[in-house]
Amino acid sequence: LVNDYKRVIKLAQDVSKISEEIKSLNHSISSTKTVKDWDESQKFTVLNDAYEKSGKYLSDAFKEITNADYVDNIKLSIANKSTTSFEIEVTLVNGVSILPEKIFSEANYDLMILLLYISMIRVSAEKGQEKVLVLDDVLQSVDATIRTKFMSYILREFYDWQLFITCHDRAWLNQLRHLFNNPTKGGRHQFKEFDIVKWSFDGGPIIDNAGKD
């Protein structure tokens, strides 16, 4: 009987402790602001800061690569028109603001979106993301001159990154070799070239000169 009594006392103490923890959790939940309770001015502050910096990188890179002297800047904004909206706005040197699809060619529009991705990755790296960039045959829709300027920009601005670049065009491969070996074009990377000679669903890719890597 004494042991049963002690067990009952212990259970009562445990129940009391759990009840106090539940009260504490409920108080914390009730005092926590939901998204709806936030001040409108505080919403997306962190994202806006990141997009503002990404927009600066994007704007500078686009003007450098395309020589688009009619563009003053490209601005990114989030949640201006709705909670989930994302806008890209191009301001011309005459002060007119316009949507990019209304003024850019398809090639320049594709380049802008690619540079948007690159710029966001760059800002993420400044916040601690690993400096690894994969470009999987992403330059087929832009002119050859733009391709070389784009890669010179990448090699210069991402000089301390690990880059993985794939391509199917051997002429472009030769240009890449030249860029990587030419310091005046931004080439300061050591590079290793691999050739996927064939592949199958069963065996996967067959890589020439693969070595242990």
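Helices (H or I, at least four residues) and strands (E, at least two) are DSSP runs, numbered from the N terminus. With that in hand, here are my notes.

1. **What we're looking at.** This is a predicted model, where local features need pLDDT of at least 70, side-chain atom pairs count only at pLDDT 80 or more, and totals for chains, interfaces and linings use all residues. Residues are numbered from 1 along each chain as its sequence is written, and side-chain values use heavy atoms, with hydrogens and water left out.

2. **Overall layout.** The protein chain has 5 helices and 7 strands. Going from the N terminus, the elements read α-α-β-β-β-α-β-α-β-α-β-β. Of the 213 residues in the protein chain, 30% are buried (buried is under 20% relative accessible area, exposed is over 50%, partly exposed is in between, with a 1.4 Å probe and protein chains only). As for contacts (heavy atoms within 4.5 Å), take those between residues at least 6 apart in sequence: 52% of them join residues at least 24 apart.

3. **The antiparallel sheet.** E1, E2 and E3 form an open sheet in that order, with antiparallel pairing; two strands count as paired if DSSP finds at least two bridges between them. The edges are E1 (71-78) and E3 (97-98), each of which pairs on one side only. E1 is joined to E2 (residues 86-92) by 7 bridges. Along that pairing, Asn73 sits opposite Thr91 and Ser77 sits opposite Glu87.

4. **E2 and its hairpin.** On its other pairing, E2 meets E3 over 2 antiparallel bridges, and Thr91 has Ser97 as its bridge partner in E3. The two strands make a hairpin with 4 residues between them, and Gly95 in the turn has a positive phi of about 95°. E2 is mostly covered, with 5 of its 7 residues buried. Helix H3 (residues 106-126) lies across E1 and E2, at about 120° to E2 (axes are lines fitted to C-alpha atoms, for helices over the stretch in contact, and angles run from 0 to 180 degrees between N-to-C directions).

5. **The β-α-β unit.** E4, H4 (residues 144-157) and E5 make a right-handed β-α-β unit; right-handed here means that, with the strands pointing away from the viewer, the path from the first strand over the helix to the second runs clockwise. E4 pairs with E5 (residues 162-166) in the parallel sense over 5 bridges, and Leu133 stands opposite Leu163.

6. **H4 up close.** H4 has 14 residues and spans 20 Å from first to last C-alpha, close to the 20 Å expected at 1.5 Å a residue (the expected span is 1.5 Å times one less than the number of residues). Its buried residues are Ile146, Arg147, Thr148, Phe150, Met151, Ser152, Tyr153, Ile154 and Leu155. Take Ser152: it counts as buried because its relative accessibility is 13%. Leaving out residues up to four places away in sequence, Ser152 touches Leu179, Lys185 and Gly186.

7. **The core.** The largest nonpolar core has 39 residues, and those with the most contacts inside it are Phe62, Leu115, Leu133, Phe150, Met151 and Ile154. H2 (45-66), E1, E2, H3, E4, H4 and H5 (170-180) each give two or more residues to this core, and the largest share, 8 residues, comes from H3. By definition, such a core is a set of buried Ala, Val, Leu, Ile, Met, Phe, Trp, Tyr and Cys residues joined through side-chain atoms within 4.5 Å. Not counting residues up to four places away in sequence, Phe62 touches residues including Val71, Ile74, Phe104 and Leu115.

8. **Ile165.** Ile165 is in E5 and counts as partly exposed because its relative accessible area is 27%. Beyond its neighbours within four places in sequence, Ile165 contacts Leu135, Met151, Leu176 and Phe180. Its C-alpha is 5.8 Å from that of Asp136, 29 residues apart along the chain.

9. **Two phi values to look at.** Most residues other than glycine have a negative phi. Asn67, in the loop between H2 and E1, has a positive phi near 55°; Asn67 is exposed, at 52% relative accessible area. Asp137, in the loop between E4 and H4, also has a positive phi, of about 50°.
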